[in-house]
Amino acid sequence: MPGGLPYHLVLRGGRPGWWRPVVGILSLVVGALVVAPLAWQVPFLLYFAASGQDVATAAEKMIDFENPTPLGLAYLNIVLATAIPLTWLIIRALHGLLPRWLASVLPRLRWRYLLVCFGLAMLALIATIAVSALLPAQDTGTEIGGELNAFTSTTRDFLLVVVLLTPLQAAGEEYAFRGYLAQAFGGIFGHPAPAVVAPAILFALAHGLGQSAPIFFDRFAFGLVAGTLVILTGGLEAGIAMHVLNNWLAFGLALAFGDMGSSLNPTGGSWWSIPVTLTQSLVYLGLALLVARRMGLATRTDPTVLEASERRV
């Protein structure tokens, strides 16, 4: 294709067949929701048995996300991070493309831009705090108290999991929703709108069917902004940075002033939190796009590189 392909049409540079993205979507859903959770339980169960614990009791406690433990959070993060190799396998085996085409149109992660985006996300967060101070109290759906929690060994273990594994969890979700699903829906419909909207809806639904309307909209809005950034910047970097920072902030506040259970299972929520969320998302969107333009980031593939990748299959 003259001029190369935009991110959402990359799969059209692979093996032909309208059915391939459909099968890929179904494979990702089954792999992420069924295969990965069951497969990752095996090493944990072996650990419980080897350490002399009651396997059934320990396993039940591990997957009790209403009352999460550090080990349970580690298990959840690892399962979600498995979306990265899972999407790599699908795009390689089903579409005949190298996995790096999920990272960006370059094709690889643009690390300099990724690091800059962490700083931009911090600036957007500062703008969010300013707007939040001007609005009535917002119910974010999580229980945040006014007193600092005591620092215990459990807090330490949670902190290690959050620092080390949350970036992989966030990247896994980005590779799944803004990566493969965006390219799959883009390949099916040939337009960027479904590549942004459909994964955003699935992303919001994946966080729980029983969530309140404000919380659902909050996650849907995040998915729209992250998806738009992928299309307009040609890669996953901006979405990954914002996702990691948001999760670090949410878990950090839960450890410092609340509890991890309410952070993983927010309830209630208020529409007053939406202007705050939109401020962060739109400020970040503008900054990330401005920097991407200044850095001269490519938003379409180099046709010769994509053709060479396909010939190596």
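These legends walk through several close-up views of a predicted model.

The model is predicted, so local features need pLDDT of at least 70 and side-chain atom pairs count only at pLDDT 80 or more, while totals for chains, interfaces and linings use all residues. Residues are numbered from 1 along each chain as its sequence is written, and side-chain values use heavy atoms, with hydrogens and water left out.

**View 1. E237 and R110 pair up across the chain.** A search of the whole structure turns up three salt bridges, and here is one of them, with the closest N and O atoms 2.8 Å apart. The pair links distant parts of the chain: E237 sits in helix α9 (residues 237–257), R110 in the loop between α4 (83–93) and α5 (111–134), and the two are 127 residues apart. A salt bridge here is a side-chain nitrogen of Lys or Arg within 4 Å of a carboxyl oxygen of Asp or Glu. Helices (H or I, at least four residues) and strands (E, at least two) are DSSP runs, numbered from the N terminus. E237 is buried at 0% relative accessible area, and R110 is buried too, at 8%. For these labels, buried means under 20% relative accessible area, exposed over 50%, and partly exposed in between (1.4 Å probe, protein chains only).

**View 2. R108 sits in the loop between α4 and α5.** R108 is partly exposed, with 47% relative accessible area. Setting aside neighbours within four places in sequence, R108 is in contact with R100, A103 and E237; contact means heavy atoms within 4.5 Å. R108 and L236 are 128 residues apart in sequence, yet their C-alpha atoms are 9.7 Å apart in space.

View 3. Side chains of opposite charge can pair when their charged atoms come close.

**View 4. D157 and R156 make a salt bridge.** Their closest N and O atoms are 3.1 Å apart. D157 is partly exposed at 30% relative accessibility, and R156 is partly exposed at 42%.

**View 5. R219 is buried but has no salt bridge.** Look for R219 in helix α8. The nearest side chain of opposite charge, D218, is 5.5 Å away (Lys and Arg count as positive, Asp and Glu as negative; His and the chain ends are not counted). Beyond its neighbours within four places in sequence, R219 is in contact with F203, A204, H207, Q211 and P266.

**View 6. Helix α8 runs from residue 213 to 233.** Its 21 residues reach 30 Å from first C-alpha to last, close to the 30 Å expected at 1.5 Å a residue. That expected span is 1.5 Å times one less than the number of residues. Just after α8, G234 takes a positive phi of about 80°.

**View 7. A nonpolar patch lies on the surface.** W18, W19, V22, V23, L26, I188 and F189 form it, with about 720 Å² of accessible area together. The elements giving two or more residues are α1 (19–50) and α6, and the largest share, four residues, comes from α1. W19 lies in helix α1 and is partly exposed at 35% relative accessible area. Patches are made of residues with over 30% relative accessible area and no salt bridge, joining like charges within 9 Å and nonpolar side chains (Val, Leu, Ile, Met, Phe, Trp, Tyr) within 5 Å. Accessible areas come from the Shrake-Rupley method with a 1.4 Å probe; for residues, only the protein chains shown count as cover.
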